[in-house]
Protein chains: 2
Amino acid sequence: MGLGVRAAPFTYVAHALAVVAAAMVLYWCIHFRGGLAFEAANKNLIFNVHPVLMLIGFIILGSEGNAENSSTFLPRGFSFVCKILSILAAIMVYKVLPTVNHDTTKLIHLILHAIALVLGAVGIYCAFKNHNETGIANLYSLHSWLGIGTISLYGIQWIFGFLAFFFPKAAPNVRKSALPWHALLGIFVYILALATAELGFLEKLTFLQSSGIDKYGPESFLVNFTALVVVLFGASVVVAVVAPARLEEPQGYAPIPEN
Amino acid sequence: MGLGVRAAPFTYVAHALAVVAAAMVLYWCIHFRGGLAFEAANKNLIFNVHPVLMLIGFIILGSEGNAENSSTFLPRGFSFVCKILSILAAIMVYKVLPTVNHDTTKLIHLILHAIALVLGAVGIYCAFKNHNETGIANLYSLHSWLGIGTISLYGIQWIFGFLAFFFPKAAPNVRKSALPWHALLGIFVYILALATAELGFLEKLTFLQSSGIDKYGPESFLVNFTALVVVLFGASVVVAVVAPARLEEPQGYAPIPEN
């Protein structure tokens, strides 16, 4: 029953890949695409904010938000960064000892997802701003459709989670039965976000290649490899979220050591 | 602990979406793109075999293959179609009663994945054939990279599974510890296949739109909606595979009825 591998190793892989993917998308947008700007005569610089914020702000930060919600449905994962964030937030918000309790992790979950949502919205705004200032059509591609769907579901999920689990909070039995659906929709939205990112890499690169950059050149390779790293990152996050923190032992009930 | 929803409803949703997606991709390739052919003066007809075989042959049939492997790691799912397939295969291969045993489901799993692999390989061959006969570059896009990676991992996974679990079969303790990794890699490859399909829809439609079809016209909408159905199909398959057949009852050990 259940996924027969432990979550922990996948969280470490996920963090390493997140750092690599973030560095790669920054290198692409700054070195190859000329940098980032909210206002510029070169409208491409406005567009460049889009992949950076969607990957680092929305996907990676959103992954961290699915974190050490230790007494809820997703009992583990993202232990390293979230342990630190948990402790910091616990000091700032609740002024408790470094022992992280459930309310704290829930608050961090909520705040990280809110930040991811805001950064995602700003990132999408930059894509529209670039299109509108250069006369490119909006919302015709699969990338845009999936993207709008993803961030809408993400927002609905956040509001629902806030109302049901934080304030004013549903009755305990309602919370209990709503929690697995909350987690499931979360995983679904996360997979959608990953698929949307892949589509974005391919779409942008296809446009660049059709306007002249080498199909087998360094920029094409960088973008494709960034997309591959994001695939591996996303898969490791999904596995970490779905896998149990510890394996069940069918022969008995003795707990298995965590290492 | 574990995914707190049952698998069964997701398998029904997955089957319904599979039928819809298959119908949509056929309608696209036959009605809008002129039909399918292995040899033709109109090279586009050769290409059209690619999306049809990849979606129906590789992804949908491959999903069915992750099926009612009832006493293994993936204990449920795809019950309707696979029950029928299981029974048919049981009659043909083992001449046993309709009571499906573990060896039978394993054999079906193995055969369905082999068929999916062959159809996938033929589908990829048709894309290369189209490219080569029309002078289009090969293997520069993220779609092609992920696609080659996916089918390669799929093949490795099949060979490994055949050797470890079917013939000559590893020792029981090796099989036991290899099984969760086999299932995990399977889910990973499946997510890769879905992502690759989405990329394929977007890439092909981007080329068609840049050579003149209406960005907001019926064909664009059909392809985008097909891709959305595939996303929902894939997510429901992943949830069905990961979710338990029955929920655990933390208060005691009484089994929960299946319905």
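**Burial, rings and charges**

Mentor: B:W145 is buried, at a relative accessible area of 17%. Keep in mind that this is a predicted model.

Trainee: Why is B:W145 called buried?
Mentor: Buried means under 20% relative accessible area. B:W145 has 17%, so the term applies.

Trainee: What makes A:F221 partly exposed?
Mentor: The relative accessible area of A:F221 is 31%.

Trainee: Why is the pair of A:F221 and B:W145 called edge-to-face?
Mentor: The ring centres are 5.2 Å apart and the planes stand at 80°. Centres within 6.5 Å make a pair, and planes over 60 degrees apart count as edge-to-face, so both parts of the description hold.

Trainee: How do you know that this pair joins two chains?
Mentor: A:F221 sits in helix α7 of chain A, while B:W145 sits in helix α5 of chain B, so the pair joins two chains. Over all chains, the structure has 22 aromatic pairs. Ring pairs also link A:W145, B:F221 and B:F225 into a cluster.

Trainee: What makes B:K204 a charge over the face of B:F47?
Mentor: B:K204 is 4.2 Å from the ring centre of B:F47. The distance limit is 6 Å, with a further condition on the angle to the ring normal. A:K215 likewise lies over the face of B:Y140, at 5.1 Å from the ring centre.

Trainee: Why is the contact of A:E219 and A:R33 called a salt bridge?
Mentor: The N to O distance between their side chains is 2.7 Å. The limit is 4 Å, so the pair qualifies.

Trainee: Which parts of the chain does that pair link?
Mentor: A:E219 is in helix α7 of chain A and A:R33 is in the loop between α1 and α2, 186 residues apart. Both A:E219 and A:R33 are buried.

Trainee: What is found for B:R33 and B:E219 in chain B?
Mentor: B:R33 and B:E219 form a salt bridge, with the closest N and O atoms 2.6 Å apart. This pair links distant parts of the chain, 186 residues apart. B:E219 has a relative accessible area of 8%, so B:E219 is under the 20% limit and buried.

Trainee: Are A:E39 and A:K129, which form a salt bridge, buried or exposed?
Mentor: A:E39 is at 61%, over the 50% limit, so A:E39 is exposed. A:K129 is at 9%, under the 20% limit, so A:K129 is buried. Their closest N and O atoms are 3.0 Å apart.

Trainee: Why is that pair said to tie parts together?
Mentor: A:E39 lies in the loop between α1 and α2 of chain A and A:K129 in helix α4, so the bridge ties together parts that are 90 residues apart in sequence. A:E39 and A:K129 also belong to a network of salt bridges with A:K43 and A:E133. The structure holds eight salt bridges over all chains.

Trainee: Which residues have the most contacts inside the largest nonpolar core?
Mentor: That core has 96 residues, and A:F201 and B:F201 are among those with the most contacts inside it. Residues touched by A:F201 include A:W28, A:L55, A:V230 and B:L142.

Terms used:
Residues numbered from 1 in each chain as written. Chains lettered and ligands numbered in written order. Predicted model: local features only at pLDDT ≥ 70, side-chain atom pairs only at ≥ 80, totals over all residues. Heavy atoms only, no water. Core = buried A, V, L, I, M, F, W, Y, C linked by side-chain atoms within 4.5 Å. Buried < 20%, exposed > 50% of the residue type's maximum accessible area, 1.4 Å probe, protein only. Contact = heavy atoms within 4.5 Å. Phe/Tyr/Trp six-rings, centres within 6.5 Å; stacked < 30°, edge-to-face > 60°. Helix = DSSP H or I, 4+ residues; strand = E, 2+ residues; numbered from the N terminus. Lys NZ or Arg CZ within 6 Å of the ring centre and 35° of its normal. Lists of a residue's contacts leave out its neighbours within four places in sequence.
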